[in-house]
Each structure stands twice: as C-alpha cells, then as structure tokens.
Amino acid sequence: MGIPHHVKKTIVLWAALTAATLLVTGCTADRPAGTAPTRSSAPTATPTTGTPEDPAATAAAYRKWGLKPFAPAPAPPAAKPVRRAPGGPVPVISDIPTKDKIVFITIDDGAEKDPAFVTMMKELKVPFTMFLTDAAIRNDYAYFQPLVAQGHGLANHTLTHPDLRTLSPQAQRREICDQQTKLTGRYGTAPRLFRPPYGNWNEATRTAAGQCGIDAIVLWRESMQITNMQYQRGDRKLHPGDIVLAHFRGPSELKGRTMTEMTATMLRRIQEQGFTVARLEDYV
Ligand SMILES: [Zn+2]
C-alpha cells in the first residue's frame, strides 16, 4: 500500500513548484478529477457590477465586506472587440481595447476553497473568470459549482499546471484538450478562454488551444499579491481594459489573510483608481 511512486513524485514536484513561484508572479501550483459537453455563451445568471435592482441592499452587502458599491459597469459592446477570425490564429491578449474605466478580474488555479468566498461573490455580484487546473481542484470540483451557477466565467488552465514551453505539441494539446473535457463534463459548459500557467506559451500552444476549441489565450496586466498589485507598466496604474490576475489562495499563502480579505483589498485597489469591474466574456 502507501502512496505509489509516481504520485509521490508529483506531490514533491508540486510542493517545489509552489515554494518557488509563490510570491513571484502568476500561478502557484496546488494540490491534486471528473468529465460530456455543451457550448456556453449564456450562463444561468450574469453577475453585473453595480446592479441597480436594490441600491440599499447593494450598499448593505458591500458594507458587510468593508467596501463601497462599485459604479455600474457600462453596457457590453454590441460587437466583441476581441474575436478569433474564422480559421485564424487564437488571439493572445493581456488587456481589452476600450476607453471605459473598466478592468477584468481573473482568478487562477483553484487551490483554496473558502466557502466564505462563494458567499461574498454571491452578495457583491462582481463578475470574474476562474481559470481552473485539474490538479488543484480534483479533490473538490463541487466547490466551484455554485460559482459557475452564479454566472462567473469558467476557463481552462491545464490539467497539471506545466510550463507549456517545455512540452511537445502533442503534450500541450493533451494538457489543454483533456482539461477542456473535464471542465465541460463536470460543469456542463465548455470553456472558451485559456490561460497558460506562468503566462508561458509558444506557437504550438496557440495551435493546440485552437484545436481544443479555445477562442482566446488570456494573459494579464496586473497581478494581485497579498495587499498590493504588481504592475507590468512603469506608471504602476490600472489602464482601461486591463486584465487583473489573482489566485484562489488561503491564509497559508497569504501570510494569514483569507481569500475574502485578499479579494476585498483587490476590489478596493480597483475602486480607489476610479475603475469598475466588467465581465470578460462580454468582450472576448
Ligand atoms: Zn496558475
């Protein structure tokens, strides 16, 4: 009995990866499965920032989390500004062309599964897109079900979180297509967006993503750390259309802070620069 050798090896590798990349940039690794298909563009619900249904209730919900309500997000554009031309290469984006003061929130991997975060997102109705890795969520696919049901975007982040540039085209295709199959089977909706771990990709990644049914490869402009954002641009400011990266992380990775505390801080950083949050799937 005991843990099979290949599993042990995976666990050791995973731990090393996590330690090495934790505070640096996109995508720490996590811990270590599911699977039948439909193509989604219409989720069951659509969270919209600043939904005016009941301003008093919205204000109360935000107060509960130590926040002020966001300005309403503008109406989605009639035509999506990022599109894959028929038969053309999969676009690779770090931001969305727009003049509106909006940003897009993306949350990666899926290691931390804090029930309070599900409640928070239900109450705040701030849209985000989750890029999920099988190795990080296979012990609890069910955690993400209510987030998908709330209408947040479901996206692909590979099976095992490898550096895709080190893999053959065939292996890259397996990492993307097999995770596509798992997510589709598990949640009943086929992801359209893909993010390569660490933001590392090459032309083979693009080809593979296209073959797996992906419409865009999504990178990022800012990365949320524990209390501050890491900016790629020298002016250290959000720009219209920026894609912001965060991770499903808990106290052990956030110096004692919780996922909801990190999220509240991220939302404050966005608000204090005069931005609101829009839904990535409305733009790509
Ligand atoms: Zn990642």
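This is a predicted model: local features need pLDDT of at least 70, side-chain atom pairs count only at pLDDT 80 or more; totals for chains, interfaces and linings use all residues.

User: Where does Gly213 lie, and how far is its C-alpha atom from that of Cys177?
Analyst: Gly213 belongs to the loop between α7 and β6 (216-218). Helices (H or I, at least four residues) and strands (E, at least two) are DSSP runs, numbered from the N terminus. Gly213 and Cys177 are 36 residues apart along the chain, and the separation of their C-alpha atoms is 8.2 Å.

User: At what angle do helix α6 and helix α7 pack?
Analyst: Helix α6 covers residues 169-187 and helix α7 covers residues 203-211, with axes 9 Å apart. An axis is a line fitted to C-alpha atoms, for helices over the stretch in contact, and angles run from 0 to 180 degrees between N-to-C directions. The two are therefore oblique to each other (under 35 degrees is roughly parallel, over 145 roughly antiparallel, 65 to 115 roughly perpendicular, the rest oblique). Their packing angle is about 45°.

User: Which residues of α7 make the contact with α6?
Analyst: The crossing of α6 and α7 is right-handed (the near helix is turned clockwise from the far one by less than a right angle; anticlockwise is left-handed). From α6, the contact (heavy atoms within 4.5 Å) uses Pro169, Gln172, Arg173, Ile176 and Cys177. On the α7 side, the residues are Ala204, Thr205, Ala208, Ala209 and Gln211.

User: At what angle do helix α2 and helix α3 cross?
Analyst: The axes of helix α2 (residues 55-64) and helix α3 (residues 115-124) come within 9 Å. The helices α2 and α3 are therefore roughly antiparallel to each other, and α2 passes α3 in a left-handed crossing. Their axes cross at roughly 150°.

User: How many charged residues are in the contact of α2 with α3?
Analyst: Ala61, Tyr62 and Lys64 of α2 meet Thr119, Glu123 and Leu124 of α3. Ala, Val, Leu, Ile, Met, Phe, Trp, Tyr, Cys and Pro count as nonpolar, Asp, Glu, Lys and Arg as charged, and the others, Gly among them, as polar. By these classes the contact has three nonpolar residues, one polar, and the charged ones number two.

User: How many nonpolar residues does the contact of α3 with α8 have?
Analyst: Here α3 and α8 pack at about 35° with axes 9 Å apart, and α3 passes α8 in a right-handed crossing. Ala116, Phe117, Met120, Met121 and Leu124 of α3 touch Met259, Thr260, Thr263, Ala264 and Leu267 of α8. No charged residue takes part, two are polar, and the nonpolar count is eight.

User: How far apart are the ring centres of Phe144 and Phe248?
Analyst: Seven aromatic pairs turn up in a search of the whole structure (Phe, Tyr and Trp rings, the last by its six-membered ring, with centres within 6.5 Å; planes under 30 degrees apart are stacked, over 60 edge-to-face, the rest tilted). Phe144 and Phe248 form an edge-to-face pair, because their planes stand at 90°. Their ring centres are separated by 5.3 Å.

User: How many residues apart in sequence are the parts that this pair ties together?
Analyst: Phe144 counts as buried because its relative accessibility is 0%, and Phe248 does so at 1%. Phe144 sits in the loop between α4 (134-137) and α5 (145-149), and Phe248 in the loop between β9 (243-247) and α8 (259-271). The pair therefore joins parts whose separation in sequence, in residues, is 104.

User: What is the phi of Asp109, and is Asp109 buried or exposed?
Analyst: Most residues other than glycine have a negative phi. Asp109, in strand β2 (residues 102-109), instead has a positive phi near 75°. With a relative accessible area of 0%, Asp109 is therefore buried.

User: Is Lys255 buried or exposed?
Analyst: Lys255 lies in the loop between β9 and α8. Its phi is positive too, about 50°, although Lys255 is not a glycine. Because its relative accessibility is 72%, Lys255 counts as exposed.

Methods: Residues are numbered from 1 along each chain as its sequence is written. Side-chain values use heavy atoms; hydrogens and water are left out. Buried means under 20% relative accessible area, exposed over 50%, partly exposed in between (1.4 Å probe, protein chains only).
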